[in-house]
Amino acid sequence: MVNSPSTDLECINISKTFGSVLAVDNVSFEIPRGSFFSILGPSGCGKTTLIRMIAGFEQPDSGEIHIKGKSVLNTAPNKRNVKMVFQHLALFPMMNVYENIAYGLRCNGVAKDEIDQRVNNVLKRIALPDVGEREIHQLSGGQKQRIAVARCMVLDPDVLLLDEPLGALDLKLREAMKIELKLLQHQFDTTFIYITHDQSEALVMSDRVAIMNQGQFEQVGTPQELYHAPRSAFVAGFVGDSNRWAGQTVAAAGSAVRVKTEDGLELLANPYGAAAATGGRAVDIFIRPEFITVERAGGARAAPESGHNTLNGVVDSLLFNGANSRALVRSASSHLIEADIVLTGGNEDLQPGENVTLIWPADQTMCFAT
Amino acid sequence: MQKDIRRLSLILLFAPFALWIVLLILLPHVGMVFLSLREKIAPRVYEFGFANYIEFFNEPIYWNTLVRTGSMSLLVTVLALIIGFPIAYYIAKIAGPRVRGALFLFCLVPLWVSDLIRAFGWILLLRETGVVSNILQWTGLAAAPVEMLYNDVTVVIGLVYTVILFMIVPLASTLDGMDNSMIEAGYNLGGRGTTVLRRIIIPYAMPGIASGCIIVFMLTAGSYLTPILLGGKNSSWFTEQIYDQFITRYNWESGAAFGMLLLAFTSLVVWLGLRLTGQSLANTVTKT
Amino acid sequence: MLIRQRKFDKALLGYRAYVLAFLIFLVSPLIAAGTFAFNDSLFPALPWQGFTLSWFFGDTEPKLGMFYDRRLLSGLYYSFIIALMVSLLTVFIGTCNAFLFVRKDFPGKNFFYILMIVPLVIPGVILGISILVLASSVANGIENRFDYEIGLLRPGIFLVVLGQVSFTTTITSLVIAAKLKKFDITMEEAALNLGASSSRVMRTITLPFLRSAMIAAGIVAFLVSFENFNTTLFLVGSESPLTITMFDRVHKVGSTPVLNAVSFFLMAGSGLLALLSILVQQDKSARS
């Protein structure tokens, strides 16, 4: 690989073990300048270890880390121009806001006037110009968040690392901060690397997302790619909601494949990967709730087009959540299936206990060989 | 490189600890063991042997004093527990938050006043010309001055007074950690007052009880001031014997042996206490 | 239901009365020790002869006030010097111990931790004699072999300080370690990440965080040293600290109200210090 100047960070074959546990397993990736990159994975997948190696708190067993084209493996953590926003922010409680932000500048021996100017400047940019004299415990959760970002950004880092900084906030504030962080990233035009186990954070904010599992990157791509074109069963199951069956392929049927689930259901599915396209393979099948249409049984409707799957069942319960309402439908084999529906509050709404038919297109029936 | 720095910092941090423990705790005790095993056979001539310990067991007054000290210390410990438990319970569970803080502080204040002043206060209250005696005469309850010092009851009261805070503090902090709903659940399930106390509160408070009792016993058995000042000449407390051997008779060998015996005795009781209650030393001490 | 409620109220009233009685028991000796400092009489006893401050400021016999009593003043001075040295030393060792046991991993850590706690359950008398024995035998050995006298190892201020350090260090270590355990280690990483060197991190982040605990531990050590008697008794030389001087007067000579004046002075002083340590601790909780 050639280090193009447009790359802020490049990791090459990074591995790290703790005792007998392989925390990070041969991970390589590069991040173009000025982008928002997220690493999404369940807790314990090694994402924190990875980010700590980039910051220099851990040393990789093998591999290379390049920042702006230069290897930083022999650079101490306090000499790397990679700044980090910690999970619990780690603002210094014994200093006020101004001193917190000035801390890094003081460590670098910046002149007093310039510190003053830069701190006030960054406070303006995060839209908190008058909080310099406040103590940390006087700030709200969202303000603390912005101060933690400002404390790093005042140092003009090459890369900003964010270690699940929204985890401690309540739901409403978290939603607001997602948008805010994205805007801050645009404003500072710096590469952000954001690690999280919350898929909606990663999908909403990022230019590109890496899905990490058991120390490895399963897939790297834009949020849309990950959602609509997952490359593995893990990605399909981890990103977004889906109904899931285990089953076996029967035979190929054109570009589709005929599968039989463990509870005896016959479906037409879209094989992801060549292995799932042949008969006799164990597979995992995923269908996202928004592709399933719910129709009342016996209602006037056209016969399903070819290339669709149908399934009869009984409405078990309704999960009302405004525009994201869902029906929980029990199939003949007692499998519970979630489907998106519209609940208007009128008389036409579905009721629990009604017989319904579920219809969804075969090419949205994702099928992965296991 | 980094490993070397880490090792160096470990050594630098370990050095003060090692100096403290070795020079001020371990070596002095080893020295005391050696000294206690030295027999004086003639002036300036010594021999290795158990004579000092044998002397202790041959002289009833010595081991009687130790037994007396031990049994009175046990009595003081039990009394401190019985008197202190309701107070600790009140502080932790019944008083409102404001009163609780005030009471806790109130209980701690005498902790910062030295044993000497507290014993001195008792002397002023209880001696023949003291306040209590005066009040008794004034109210007509006594015809002549009453001397209340220099008896065992006074010594026990004085000792309970000196050490009871070390019982209340760990008890209150343990009980404070207990969820009120546990007590309510106990009543809710049909338990009577005594049952709830025996089955729920006391088992929960066990770590606090253990640490309180151990500290109190140790302090009582090792105390010197209170028995001397309140008990006078006939208090016969074991620490007095040690002082006597060391300072008055200048017989350091047998003084050291007595010291070892006291240490062995209190350690044994502490160990037994920990064993019986299933607590560890680290937990117990951190409570206070 | 109503009857039960009333019965409950009565029980609670009884309980409150018990707590009140206990509080009276707690303070009455202190009040006795303090109040007689202001009695215009030659004896600390009833009847009340009128208010006076001569037991503090009187400069003529027989009512020589404490601030003109040379022996008491020098006792106060030695106590102060000793307590100051003890608190400085124990806070230093205690801080090292806190880092050692909270931050470092080394073989035998649990064993050493127990060793750190043990001094608190050794009777003070024994710590005193064991250090006396070791220091004297080292001094004697050196004197016999090299004909050189090391005055420091003979009873005196230096040995008193060592004796008090031996167990006070455990207290300061526990206090400081408890605070260090609450420290969020990512704060150090954050500082390192912002470009600080390790020594700068220690100076600007970790030590300021520990400061309140170090001050509180220092105050506790100061007070413990000031009021210590058992350990000091065996190690004291010609420079007697205040508790020893006072003990001699209470025990041997008949007491005059000047001792009450000293008691009052000490109670007020330690009360203020205790208050200060609570304020320091509260400051910390408000900030974190």
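Predicted model: local features only at pLDDT ≥ 70, side-chain atom pairs only at ≥ 80, totals over all residues.
Local features need pLDDT of at least 70, side-chain atom pairs count only at pLDDT 80 or more, and totals for chains, interfaces and linings use all residues. Residues are numbered from 1 along each chain as its sequence is written, with chains lettered from A in the order in which they are written.

Chain B contains 13 helices and two strands, taken as DSSP runs (H or I, at least four residues, for helices; E, at least two, for strands) numbered from the N terminus. Its C-alpha atoms fill a box of roughly 80 × 70 × 35 Å along the principal axes. Of the 288 residues in chain B, 42% are buried, that is, with 20 or more other C-beta atoms within 10 Å of their own, the C-beta atoms being placed from the backbone.

Turning to the neighbouring chain, 59 residues of chain B are in contact with 63 residues of chain C (C-beta atoms, placed from the backbone, within 7 Å). Helix H1 (residues 2-36) of chain B gives the most to this side, with 15 residues.

Within chain B, helix H2 (residues 51-58) packs against helix H12 (residues 252-277) at an angle of about 70°, with the axes 9 Å apart; axes are lines fitted to C-alpha atoms over the stretch in contact, and angles run from 0 to 180 degrees between N-to-C directions. H2(B) is therefore roughly perpendicular to H12(B), a label for angles of 65 to 115 degrees. Among the residues making the contact are B:Tyr53 and B:Phe56 of H2(B) and B:Phe258 and B:Leu261 of H12(B).

How values were computed: Buried ≥ 20, exposed ≤ 12 C-beta atoms within 10 Å, placed from the backbone. Contact = placed C-beta atoms within 7 Å. Parallel < 35°, antiparallel > 145°, perpendicular 65-115°, else oblique.
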